[in-house]
Amino acid sequence: MNVDGSFFPSNKRIGSRGVVRDLNYTRMVGLSSLDEVDDIDMSEILAWNHDLNLAWDRGFRKVLCEMDNLNLVHILNSKEGFETHLHVTLLLEAREKIQRDWKIEVNHVDKEANGVAHFLAGRWVCQEQPLCIWEIPSS
């Protein structure tokens, strides 16, 4: 699962994006959302929460999440530190999702390694639909 967000100050929109796929890339599902907020952390936490729901609903039970926001990776991997974060409510929601009966690993990757999610997050900000879920069926 790759998650990213993009903020465009000119129109005060944030695109959140995530891609969930199996190890063989034969099954992929993704989510794009458009929000009118001005905080990149909020965008990436929203993408994280949306994509965890999507992964769970599609039956994924072993999830490797990669994101390029090192601060959020540290917060999501720790049991403390999020209580004072600006978006504590969203982070508590994320922690509840992590506690489900599945295995989740959160790793930091650089922006280039997170390219698909980053490209689609930036592209989606120009669209008018607030939420889009897409799926590439297995062949």
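Which strands each supply at least two residues of the lining of the largest pocket? I opened the predicted model with that in mind.

**Entry: the chain**

I started with the overall fold. I counted 4 helices and 6 strands in the chain. Reading along the sequence, I noted the order β-β-β-α-β-α-α-β-α-β.

Next I looked up burial. The chain has 139 residues, and 45% of them are buried. I then checked the accessible surface, which comes to about 7,600 Å². Carbon and sulfur atoms account for 54% of that surface.

I also looked at contacts across the sequence. I took the contacts between residues at least 6 apart. Of these, 72% join residues at least 24 apart.

**Entry: the largest pocket**

I turned to the pocket. Its volume is about 380 Å³. I found 14 residues in the lining. Closest to the centre are Met1, Arg21, Leu23, Lys62 and Leu64.

**Entry: what lines it**

Back to my opening question. The strands are β2 (13-21), β4 (62-67) and β5 (103-108), and each gives the lining at least two residues.

I sorted the lining by residue type. I got 7 nonpolar residues, 6 charged and 1 polar.

**Entry: placing the central residues**

Conventions:
Residues numbered from 1 in each chain as written. Predicted model: local features only at pLDDT ≥ 70, side-chain atom pairs only at ≥ 80, totals over all residues. Heavy atoms only, no water. 1 Å grid on protein atoms, 1.4 Å probe; cavity = no way out; pocket = protein on both sides within 12 Å on 5 of 7 lines; lining within 4 Å. Points joined across faces, edges and corners; volume = space filled by probe spheres on them. Nonpolar A, V, L, I, M, F, W, Y, C, P; charged D, E, K, R; others polar. Buried < 20%, exposed > 50% of the residue type's maximum accessible area, 1.4 Å probe, protein only. Contact = heavy atoms within 4.5 Å. Areas by Shrake-Rupley, 256 points an atom, 1.4 Å probe, with all protein chains shown as cover.
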